[in-house]
Amino acid sequence: MNNVVDIAFIGAGKVGCSLARFLADSERVRLAGFFSRSESSAREAAAFAGGRACGSIEECTGSASVIFVTTPDAAIAEVGRELAGLDLAGKIVAHCSGATPSSALDACRGVGACVASLHPLYAVSSRFDSWRELASCTFAVEGDECACDLLGSIVRELGAAVVKIDGTQKARYHAAAVMASNLVVGLYDMAVSELVTCGFDHAGAERALAPLFLGNARHVAEDGPADALTGPAARGDEATIERHLGCLGGDTRAVYELLTQRCREIAKRRG
């Protein structure tokens with residue numbers, strides 16, 4: 001193969017395993033190996049995705065032209081400083097954090113590496129299954145142009161979309177992702193609690209809301225918020241909204257009121 005990119009991973013958790021297996025489908029990619037503080041994790045990752053388990057960072061990265069740091073966010077800068085003690089001239093060092101900018105790897109940039117962050121806008125929940133979904137998601141990339149161009153081109157070839165963002169906006173970008181995923185869990189749990197107050201048991205409330213939730217989520221994802229919006233705010237039914245507010249209390253009432261105002265604004269945009 002011409003122009004083969006040898007990729008090493010420092011960290012063998014959910015993101016490292018998933019991204020490695022996803023990238024391994026590219027004819028341009030060859031997995032060099034994994035290094036992890038847990039030797040068993042590195043062996044499992046290599047057996048699953050390819051490459052080999054390495055006993056040190058030096059062994060793992062020596063032949064690699066691209067090094068992914070797929071550790072917890074708090075360890076990224078520390079690993080970057082450790083990597084900066086190696087020969088990184090001409091290499092790319094990237095991390096996969098959604099909230100941390102590529103500048104966390106400035107120590108590597110200081111010794112001749114190009115740095116970037118490459119983050120899949122997807123909830124990676126499984127070491128060995130989530131990789132199958134990555135081709136359908138969008139990756140956000142930021143950092144040095146040489147790194148962004150190469151990583152972006154490989155990901156696009158595998159079918160995923162890539163958007164380049166400003167590194168100073170990483171916290172805002174990640175907050176948006178949390179709103180559309182993690183915070184929805186909290187909203188769903190609030191709805192379950194209200195149904196329990198109405199007489200449902202907890203498990204029954206979760207089951208009852210599932211078709212409503214899944215159908216609406218599908219509609220939002222496929223058609224956009226404006227076309228998917230239904231309910232009292234969409235039709236200007238302020239009397240019903242007031243009855244809702246009258247029976248809700250505390251944080252639940254505050255959340256309902258805030259999100260209802262946003263729905264009013266969406267309805268106005270829709271006309």
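A word on what you have open: it's a predicted model, where local features need pLDDT of at least 70, side-chain atom pairs count only at pLDDT 80 or more, and totals for chains, interfaces and linings use all residues. Residues are numbered from 1 along each chain as its sequence is written, and side-chain values use heavy atoms, leaving out hydrogens and water.

Now show all of α8 (residues 182-198) and α13 (residues 250-270): they pack at an angle of about 120°, with axes 11 Å apart. The two helices are therefore oblique to each other (under 35 degrees is roughly parallel, over 145 roughly antiparallel, 65 to 115 roughly perpendicular, and the rest oblique).

Next, select C114 and C146. A disulfide (cysteine sulfur atoms within 2.5 Å) joins C114 to C146, with S to S at 1.9 Å. C114 sits in strand β6 (residues 114-120) and C146 in helix α6 (residues 145-157), so the pair ties together parts 32 residues apart in sequence. C146 is partly exposed, at 39% relative accessible area (buried is under 20%, exposed over 50%, partly exposed in between, using a 1.4 Å probe and protein chains only).

Then click on C96. This cysteine is in no disulfide, and the nearest cysteine sulfur, that of C137, is 11 Å away. C96 counts as buried, at 10% relative accessibility.

Last stop: C108. It is in no disulfide, with the nearest cysteine sulfur, that of C114, 11 Å away. Buried or exposed? C108 counts as buried, at 0% relative accessibility.

Conventions
Axes are lines fitted to C-alpha atoms, for helices over the stretch in contact, and angles run from 0 to 180 degrees between N-to-C directions. Helices (H or I, at least four residues) and strands (E, at least two) are DSSP runs, numbered from the N terminus.
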